[in-house]
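Please walk through the structure below, one region at a time.

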Amino acid sequence: MTPGLGLEKPGLWAVRFPVAAALVLLAVLAASLWSVSMLRFDEDINRVFLSQNQTSQDYRNFVETTGGETTDLALFIEKPDPFSATDFEAMRDLALELEFLDDVASVVSPFSARFSNVDEQFSGQPVIPADASVDAIMKRLDHFEEQSSIAGPLISQDRSSALFILSGRLAMTNDDVRDLMQNLRELSATNLPADLNVTISGESAIPLAIVDALKGDLLTLNVLGATVVLLLAIAVFRSLVLALLAVVPAIFGVVVTLGLFVLLDYPLTVISNVLPILVLVFGIADSMHLLMDLRDRKDPVEPAAKLSATIREVGPACALSAITTTIGFLAISISDNDQLFEFAIAGGLSVMAAFFVTITVFALLGRFAIRNSAARQRGKPDGSVLTTIAALSWNRDRVIISLGIVVLGLGLWGYSQTTAWFPYEDNLPSDSPLIAANAKLADRFGGTYRLWSELDLGTGQSLEGAEQWARLKRVTEAMQQAAPDYTTVSLSSFAHWLGHPDRMPTTDDMADLPDDLRSRLHDPSGQTARVLSLVPEPMQDLSSLAIQDRIEQAALSAGANRVVGLPIIMRHESIAIIGQLGLGLLLACLVSTVVIAGAFRWPSLALVLLGPNIIPLVAAAAALHLLDEGHLTPTAVLALTIAFGIAVNDSIHCVTRYRLELERGLGRRSALAAAICGTGRVIMLTTLLLCVGMLVTQFSVFEPVRLFGQMMIISFVLALIADLFLLPALLKQGHPS
């Protein structure tokens, strides 16, 4: 019998002392339900990238040095046709109104742009004057684009869209940002014609859009998941009582999971939003194994004895499954990313808590299953099918193992061809207008994410010296040449605009620059100078990634000490996180199989289990070429890690039954046949319920959640096939008769 490290004993205790167990369970559920109202959602979405690496530390230092996180918003205005005179007048009025908002530190718009002081035709004049005709405005815009050394006029080349860049005051809370965005919407609606469409985007708007969608997504996934699985369980058992017994314990586990987030003081994120549905399907798998064993027992003994017998025989395997799933979660903590660490700890604790809740609820309510044992499952798989599978696995074991090796090789090759990829904006809800707006912003204006190249001037050095000024000029020009279509700003480019590129602008010269921009381009301490480049999300596509890499390398080669900002975090930390998660996946597989082998006191079992449980993972990873253009994202690696912990559940139950039949005196062939026939039906049904439970993720508004569900389903189905065919073949080879 499989040792479960005694974790099944709470179930036996609940059978013996049902009243005390019920009181404890009710207290836990009441505390969890009470705490659900205190759930909070992570509004610092940037934590998804930050780690303890130097890149993240440079970003933190930058934020601290410059006075804290800034509020960066982009007001994107567009219409199907080129702007009219009325449109320009309305947008100018809006720009003036925005300047007077208390929470706005600066506004950069088409109406704040001026020609260079050395421009021969429009020296120092506004690009869009108040009294100009549309034709005159168009000519001035064309001229500005040809002559400007700083940035474009924030009007698209087809003259049908405009960009306003706003910086909010420092230390704004998320509620402050929401209020500011609401004011922007109201001002836009008041000042602009109805045919002008306005979208608010930018680094500060995207996280709020994600958080707002998280709340509805959590409710949708869990309510829909519980409902769909309950309906399927009713169809399987043809009994409402048995269906409730299979699903209710898992639902209680979900409630406890949500309570754990409050207890741990962890916020829910796009990643951890799937944890309750994972606990639901894990709990249902345990309930199914326990319930079907209890229902099919023929022992003519009283209910308590039947319950105890089921818990003693099946409970240890469920406990071991909980341990391996917990190991899978804890392996994720190898990443030094705070969000992933919290997900790992909350996931591991949730799985164990859900196991204890499930086995306790089963012990308390299992008597109802005994009373309804007459409600036999109809339409169950014909036993002859499982008998045929058992015979095939025994007689064609080498052929099956060879096929497994081929699939493993193909899967590994497919996995090796994937590309580490982490698109930030994929975390936006798929129905968000920001997705289309950001794509247009990137295409027409280069982007709104702020990338900073920093130059440490050193003690006794300043930009007023020829050496450091020449260095700043080199870095600026290198970044401009690397991305000529992107906006690049520094004191050097500003001096060029003023007409004296070989010296630093005076204090009076810089009076026209927004205060927040001026203090960042040249730190008040005088020790750091910076060059700003506005870029799109780096992993929007391969072209954006290549351009950002060029900018970064050009800046460093020209003399910058480092390049910082959210785009750099997206580019580098995401790749590091994927590598860490891949190592965590490997550790989870190795540690779990060693733990299982140790629990069975069967060392070679570790090697036997690796095949049936690794092959589904590499095959699912190779399927990313069909699911997500071959992109290996953190979500995909997380799904594979957790899928291993859950999928090995079926292997544990099959091996448990095999060892039990051996202890009863059967030969190896008969024991394997009995194991397949005895567990095959239940693991087929649990796989069906698991897949249906994960299928509800396809109703999520988040693409990473949908991908997570797809990867889990593929892994579960392939694991079922491997457990029915490959595992018995390997068990035969591991112990030849």
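**Two loop residues, then the rest of the chain**

Asp-265 lies in the loop between helix 8 (240-264) and helix 9 (275-296); helices (H or I, at least four residues) and strands (E, at least two) are DSSP runs, numbered from the N terminus. Although Asp-265 is not a glycine, its phi is positive, at about 60°. Arg-601 also has a positive phi without being a glycine, here of about 55°. Arg-601 sits in the loop between helix 19 (566-600) and helix 20 (605-622). With a relative accessibility of 71%, Arg-601 counts as exposed; buried means under 20% relative accessible area, exposed over 50%, and partly exposed in between (1.4 Å probe, protein chains only).

The model is predicted: local features need pLDDT of at least 70, side-chain atom pairs count only at pLDDT 80 or more, and totals for chains, interfaces and linings use all residues. Residues are numbered from 1 along each chain as its sequence is written, and side-chain values use heavy atoms, with hydrogens and water left out. The chain averages a pLDDT (the predictor's confidence in each residue, from 0 to 100) of 87, and 96% of the residues score at least 70. Over residues 374-381 the pLDDT is below 50, and beyond near neighbours in sequence this stretch has 17 contacts in the model, a contact being heavy atoms within 4.5 Å.

Helix 2 covers residues 18-36. At 1.5 Å a residue its 19 residues should span 27 Å, and its end C-alpha atoms are 27 Å apart, which agrees; the expected span is 1.5 Å times one less than the number of residues. Which residues of helix 2 are buried? They are Ala-21, Leu-25, Leu-29, Ser-32 and Ser-35. These residues cover an arc of only 130° around the axis, which puts them on the same side of helix 2; the arc is that of the directions from the helix axis to the C-beta atoms. An α-helix has 3.6 residues a turn, so residues three or four places apart point the same way. The face turned away from the buried side of helix 2 carries the exposed residues Val-19, Leu-23, Leu-26 and Trp-34.

A search of the whole structure finds zero disulfides, a disulfide being a pair of cysteine sulfur atoms within 2.5 Å. Cys-654 is in no disulfide, and the nearest cysteine sulfur, that of Cys-677, is 10 Å away. Cys-654 is buried, with a relative accessible area of 2%. For Cys-691, the closest cysteine sulfur is in Cys-654, at 18 Å, too far for a bond. Cys-691 also counts as buried, at 12% relative accessibility.

The structure holds 26 salt bridges, each a side-chain nitrogen of Lys or Arg within 4 Å of a carboxyl oxygen of Asp or Glu. One of them joins Glu-78 to Arg-444, with the closest N and O atoms 3.7 Å apart. This pair links distant parts of the chain: Glu-78 is in strand 1 (residues 71-78) and Arg-444 in helix 14 (residues 433-445), 366 residues apart. Glu-78 is buried at 12% relative accessibility, whereas Arg-444 is partly exposed at 29%.

Asp-195 and Lys-79 meet in a salt bridge of 3.4 Å, N to O. Asp-195 lies in the loop between helix 6 (174-191) and strand 4 (197-201) and Lys-79 in the loop between strand 1 and helix 4 (85-99), so the pair ties together parts that are 116 residues apart in sequence. Asp-195 is partly exposed at 43%, and Lys-79 is buried at 13%.
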